[in-house]
Amino acid sequence: MCSYIVEKAHVSGSAKGPSGWMRIDTANVYFDHPYHAPLDHALGIDFVCEADGARERVAVELSAASARELVTKIMVALASGEAAHRAA
Amino acid sequence: MSYEGLTGETVGFRGHQGDLGEAYYARPMHAGKCPGVVVIHHLPGWDEWIIEVVRKFAHHGYAAISPHLYFRSGPGSPDDIGARVRAAGGVPDEQVVGDVKGAMAFLRGESNSNGKVGLIGFCSGGRHAYLCACRIPNVDAVVDCWGGNVVVDDKSQLNDKRPVAPIGLTDQLRCPLLGLFGNDDENPNVDQVNRTEAELKRLGKNYEFHRYDNAGHAFFNVMRVAYRPEQAADGWKKVFAFYQKHLAA
């Protein structure tokens, strides 16, 4: 069933969208039927800038397993990267 | 073999509160009268598969229209518009009812109309179809394809946009209902489908339910891994037999 549940993460940074680089302030995260990925359900993330009206987005649709893998790798990359920068 | 041909195109229609929206409309090219069907898309949006469904109905002799229920959040591609609507928590039921009424009026206003109009919806559109058949008095037949949240067990899911569970409106259903469901679906699950059927039976409604083994959600959708060809082929036969019975002039 289509789910209306959306988790909103406040983020700070940039993403490259249809018109080039843009500022982003929000990641809308949901687990539902994808639009493109050949999966029953996908973890969708839409990076948008709500302050600018959220008219453009950078979107991904990931399998549940690969979304969890991404979460793990983000944490690993942050930990190792921050450690390396502290040592420099 | 008789001559076959159809025309499909994007058209304007007047939706809720007279708002001008876009819809995909397809109809047979023959000169005779034909029944109409309003095709209601699922939450991710007005996608290519739903357009194919409209053309399928036209191929089978129906004038069919799928209103883009998210047109107010455009412009943009249907997937981007769908993402905006999702982030905003979906569209209000009241607005959907108004848009479906408008799409029905479009079909009945066409010179090819035999006056009969049915609804069909998939997924959240199945819920919308059930809701609209209860709320709109002149629907002639309705098909609910695995509409989730017709039964709402978690009352926190009810809000200003979706204030009632459609099952609570069943006493207002005036037309025959066909329901198609996969037994592996989680929403609606088997228990929820059984409870919907029990309510229809209790109220003496004209309905038929068909449940399919080895099928889950969206098993008609050839663009999804959920597609189940045997169950879908049988389901489509059920849909066309139901509409032939209730929408033919």
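Predicted model: local features only at pLDDT ≥ 70, side-chain atom pairs only at ≥ 80, totals over all residues.
Helix axes here are lines fitted to C-alpha atoms over the stretch in contact, and the angle between two of them runs from 0 to 180 degrees between N-to-C directions. Helix 3 (residues 93-109) and helix 4 (residues 124-135) of chain B pack with their axes 10 Å apart, at an angle of about 75 degrees. Angles of 65 to 115 degrees count as roughly perpendicular, and helix 3 and helix 4 of chain B are therefore roughly perpendicular to each other. On the side of helix 3 of chain B, the contact is made by B:Asp93, B:Val96, B:Val97 and B:Val100, which meet B:His128, B:Leu131, B:Cys132 and B:Arg135 in helix 4 of chain B. Sorted by class, this contact holds five nonpolar residues, one polar residue and two charged residues.

Further along chain B, attention turns to a pair of strands and the helix that goes with them. Strand 7 (residues 177-182) and strand 8 (residues 207-212) of chain B run parallel and are joined by six bridges. Within this pairing, B:Leu178 has B:Glu208 of strand 8 of chain B standing opposite. Together with helix 5 (residues 190-202) of chain B, strand 7 and strand 8 of chain B make a right-handed β-α-β unit. As for confidence, the average pLDDT of chain B is 96, and 99% of the residues score at least 70.

In general, strands of a sheet pair through backbone hydrogen bonds, in either a parallel or an antiparallel manner. Between strand 1 and strand 2 of chain A, which run antiparallel, there are nine bridges. One of the residues involved is A:Gly17, whose bridge partner in strand 2 of chain A is A:Gly20.

Finally, the two chains meet. In the contact between them, 16 residues of chain A touch 24 residues of chain B. Strand 2 (residues 20-32) of chain A supplies three residues, the largest share of the side of chain A that touches chain B. By class, that side of chain A comprises 10 nonpolar, two polar and four charged residues. For the complex, the predictor gives an ipTM of 0.85 and a pTM of 0.93.

Key: Residues numbered from 1 in each chain as written. Chains lettered and ligands numbered in written order. Pairing = 2+ DSSP bridges. Helix = DSSP H or I, 4+ residues; strand = E, 2+ residues; numbered from the N terminus. Right-handed = clockwise from strand over helix to strand, strands pointing away. Contact = placed C-beta atoms within 7 Å. Nonpolar A, V, L, I, M, F, W, Y, C, P; charged D, E, K, R; others polar. pLDDT = per-residue confidence, 0-100. Parallel < 35°, antiparallel > 145°, perpendicular 65-115°, else oblique.
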